[in-house]
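Subject: Structure handover

Hello,

Here is the structure I promised to pass on. Please open it first, then read the notes below.

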Amino acid sequence: MNVWQPESGETLLARAPVTFATGAAPQVRGMRWFRDTERNDIQHELPGWPEGPSFAPRSTGNTVAHRLLRGAARVTGVTVMAALGAAGGNIATPSSADSGSDTPSDPANEVDDFPVMWAAPGTVGRTLPWRLDPGRSDQKYWRTHLIVTDRRVLVVEVPYDGKDMEAVDDEVLWQIPRTDIAGVELKDFKDGSDFTITFLDGSWCRLESSSRRKLARYLTRLPELLSVADLNQLQQKAVLDFAREIRMPDSVTPVITRNPCGHYNIDILLPSRLSSAFGASEENIVLDEEGRDIDFKDYHPEDL
């Protein structure tokens, strides 16, 4: 079994299954496209990609509307980058719960079309591995995980048979420095499980994950990572008690960050909880200044 491990001094922050997203609106349900900035289909131009399904929207509206859609490609394709620039770099748009929404936030890219890759030639978006595509990779036997550390972001492929879910044998497919990421946005249309990653060069991808909020939390910004010694005595005792309670092995170091509200988030990723089906599942507590565990129902999404 070959489980990917961070290098010495590198901290694993999150790991969860991801794929390219899938359209949900009636015109594009079950579909996805790979686009350049002129909204052309580029899947046949991507090096090393095998043939996959080709889709056509079930309805493109009248001819005038279709021409307007293509003419507006540049504008709709760079909307995220414009928002990032206005916000100073990294943004996220979390909802109060991942319950989805019936209202599209970006109709051109969620209703009329559904690109999951938006990338000019030579950009990072075009380097993403084809095995993220459910239309090309058999998910009965394989899963793809996104791994986030304080230094980089990786995609690994993991065998999956639906039975021995804990047998993890990683193959690294793709990686970039986390400094290549300009921002992350949660997309709530329909299922509320999609998110986009925008790269510094303007390319972007749309991914799906049931753990999107956990991934986005560490992708959006790199929080200051603290050690147990950085906490006050009450907090230290709470962390050590919690570690004993969940039987944290000595080889594991808690991931401790200070949230915007002033509370401290403690994530402990247990090797025994790693699986091909769910990625790295963590035990988590949130502490106040007195070392008391904050009830999750009293917590706000922006604090995560």
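Start with Val255, which is found in strand 12 (residues 255-258). Helices (H or I, at least four residues) and strands (E, at least two) are DSSP runs, numbered from the N terminus. This is a predicted model: local features need pLDDT of at least 70, side-chain atom pairs count only at pLDDT 80 or more, and totals for chains, interfaces and linings use all residues. Residues are numbered from 1 along each chain as its sequence is written, and side-chain values use heavy atoms, with hydrogens and water left out.

Back to Val255. Its relative accessibility is 5%, so Val255 counts as buried. Buried means under 20% relative accessible area, exposed over 50%, and partly exposed in between (1.4 Å probe, protein chains only). Beyond its neighbours within four places in sequence, Val255 is in contact with several residues, including Leu12, Leu13, Tyr218 and Ile266. Contact means heavy atoms within 4.5 Å. Ala14 lies 241 residues from Val255 in sequence, and the C-alpha to C-alpha distance is 9.9 Å.

Four strands form an open sheet in the order 1-5-6-7, with antiparallel pairing. Its edge strands are strand 1 (12-17) and strand 7 (171-177), and each pairs on one side only. From one strand to the next, the twist averages 20°. Strand 5 (residues 142-149) and strand 6 (residues 152-159) pair over seven bridges. Ile147 has Leu154 of strand 6 as its bridge partner. Two strands pair if DSSP finds at least two bridges between them.

Now helix 5. It lies across strand 1, strand 5 and strand 6, and runs at about 140° to strand 1. Axes are lines fitted to C-alpha atoms, for helices over the stretch in contact, and angles run from 0 to 180 degrees between N-to-C directions. Nine of the nine residues of helix 5 (residues 212-220) are buried, so the helix is largely enclosed by the rest of the structure. Among them are Arg212, Lys214 and Tyr218.

What about the cysteines? Cys205 has 1% relative accessibility, so Cys205 counts as buried. Cys261 is partly exposed at 36% relative accessible area. The whole structure has zero disulfides, a disulfide being a pair of cysteine sulfur atoms within 2.5 Å.

Finally, the whole chain. Its secondary structure comes to six helices and 14 strands. Buried residues make up 50% of its 304 residues. Of the contacts with a separation of 6 or more, 65% join residues 24 or more positions apart.

Best wishes
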